[in-house]
Amino acid sequence: MISLVVQLTGCWDSNEPDRMAYAQGLGIDYKDGKYIVYLQLMNLSLLAKSESGAGTGEQIHTQIGHEAGYSVEDAIYNLYKSTQRRIHWGHLTYIFLTKSAIHHNGLKDATDIIDRYFETHYQMWIYCTDEPLSKIMNVDPPINMSTYLSRLSDPDAAFSQYSYIQTPDLREVIISNYEPPHEMVIPMAGTNDSTWKGDEKKRKIGYIKGIAVIDNNSYKGTILNDDANGYRWMQKKFERSGLSLKIKDKVTIGLMVSKRKVKVEPIITNGRVQFDIKLKLKASLSKLEENISVGQISSKAKKVIKQEIIDTYTKGLENGVDVYRLSNVLYKDHYSVWKDIESHGRIPINKDSIRKIEVELLISDGGKQRKIPTLGN
């Protein structure tokens with residue numbers, strides 16, 4: 001009995017949480033025939049500080065290491081040779097991929113490794129970038145907060161206030177790859193050091209500047225900035241978004257769209273496939289300079305929304321992508337028709353494939369004020 005007790009009381013194979021390094025971000029590039037992996041380690045004490053309000057003193061926010069290899073796995077193993085402590089992957093939050101890495105199956109390799117490793121999970125965000133990984137993975141966090149709470153590490157927090165581009169997690173990316181049209185729409189991330197300052201110094205922040213489309217592990221193109229505005233009305237997730245209008249080229253009106261329902265319906269006529277898009281939106285006035293009727297505002301807003309949807313769709317066609325996944329809609333609603341006309345999961349689409357766009361917009365209130373100017377004549 002004594003010998004058994006001695007064996008049961010040991011914890012020799014345990015790993016003390018405070019003695020491990022925690023991976024937050026993974027970056028993958030490809031250059032000169034090799035994959036280059038960047039690994040970002042986070043400072044967990046700063047996360048505890050931001051939650052409790054305790055702690056003082058200057059601390060390192062992140063530490064970034066990089067190594068090269070003939071595969072993503074090989075590069076990670078090479079990086080292990082210089083790590084000071086065991087790396088825990090359970091807090092891995094996002095993955096950055098360059099265009100070059102995507103062209104050379106970097107997303108496929110990384111997904112396969114992460115999906116098999118027992119410490120990782122599916123709730124991690126996927127981004128594409130055309131900037132150096134050492135730059136975008138070293139952005140400044142919010143005031144006295146951990147990088148774990150930055151825009152790219154925790155995109156849902158800012159998305160709930162302004163829904164521009166939804167960031168898919170690993171599970172959604174895998175599903176998009178297997179479902180027609182087998183194209184994955186992921187955010188295009190970049191850095192900005194001209195908007196924010198702190199202590200009279202420029203703050204380099206990460207942000208989403210558009211979308212990138214990947215097809216069969218190949219990079220197909222990007223839709224950036226205002227050209228991507230139409231995607232917000234069509235994407236799966238939506239919380240709220242702002243809309244600025246000009247009437248008579250002088251008066252600026254602000255709307256905050258807080259609710260949205262979208263339906264894409266295939267219309268099949270004599271073997272020809274087109275799509276009707278129906279949007280139902282609810283908004284409130286956020287700015288009104290002059291006394292203009294709600295009907296005029298609603299009419300102008302509907303025209304702007306329709307045009308944004310068309311412009312983004314047209315940009316997608318220029319890159320040869322089905323940005324609104326119309327092929328997937330037909331696949332789910334009319335499989336037999338989809339089967340007859342598809343090629344590698346995608347149906348032929350052109351500028352006439354969208355037959356009409358119907359927008360219903362209800363302006364429900366004027367915010368805290370009435371539906372008239374606050375400082376009227």
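Colleague: Which residue in S5 is the bridge partner of Gly25?
Modeller: This is a predicted model. S1 pairs with strand S5 (residues 94-98) in the parallel sense, over four bridges. The S5 bridge partner of Gly25 is Tyr94.

Colleague: How many bridges join S1 to strand S2, and do they run parallel or antiparallel?
Modeller: S1 and S2 form a hairpin, with two residues between them. Tyr22 stands opposite Met42 in S2. The count of bridges joining S1 to S2 (residues 34-42) is nine, and the sense is antiparallel.

Colleague: Which residue in the turn of that hairpin has a positive phi?
Modeller: The turn belongs to the hairpin of S1 and S2. Its residue with a positive phi, about 55°, is Asp32.

Colleague: What is the bridge partner of Ala21 in S4?
Modeller: S1 and S4 run parallel, and two bridges join them. In S4, Ala21 has as its bridge partner Ile87.

Colleague: How many of the eleven residues of S1 are buried?
Modeller: Buried means under 20% relative accessible area. Strand S1 (residues 21-31) is mostly covered. Of its eleven residues, the number buried is nine.

Colleague: How many residues apart in sequence are the parts tied together by Glu119 and Arg86?
Modeller: The side chains of Glu119 and Arg86 meet in a salt bridge, 3.3 Å from N to O. Glu119 lies in the loop between helix H5 (106-116) and strand S6 (125-129), and Arg86 in the loop between helix H3 (72-80) and strand S4 (87-88), so the pair ties together parts whose separation in sequence is 33 residues.

Colleague: Why does Glu119 count as buried?
Modeller: The cut-off for buried is under 20% relative accessible area. Glu119 counts as buried because its relative accessibility is 12%.

Colleague: Which helix holds both Lys315 and Glu318?
Modeller: Their side chains meet in a salt bridge, 3.6 Å from N to O. Lys315 is partly exposed at 29% relative accessible area, whereas Glu318 counts as exposed at 56%. The two residues lie three apart, about one turn of the helix, and that helix is H10 (residues 294-318).

Colleague: How far apart are the closest N and O atoms of Asp215 and Lys220?
Modeller: Lys220 is partly exposed, with a relative accessible area of 25%. Lys220 forms a salt bridge with Asp215, and their closest N and O atoms are apart by 3.7 Å.

Colleague: How many salt bridges does a search of the whole structure find?
Modeller: Some are linked in a network, made up of Asp130, Glu131, Lys135 and Lys209. Over the whole structure, the search finds a total of 16.

Key: Residues are numbered from 1 along each chain as its sequence is written. This is a predicted model: local features need pLDDT of at least 70, side-chain atom pairs count only at pLDDT 80 or more; totals for chains, interfaces and linings use all residues. Side-chain values use heavy atoms; hydrogens and water are left out. A salt bridge is a side-chain nitrogen of Lys or Arg within 4 Å of a carboxyl oxygen of Asp or Glu. Buried means under 20% relative accessible area, exposed over 50%, partly exposed in between (1.4 Å probe, protein chains only). Two strands pair if DSSP finds at least two bridges between them.
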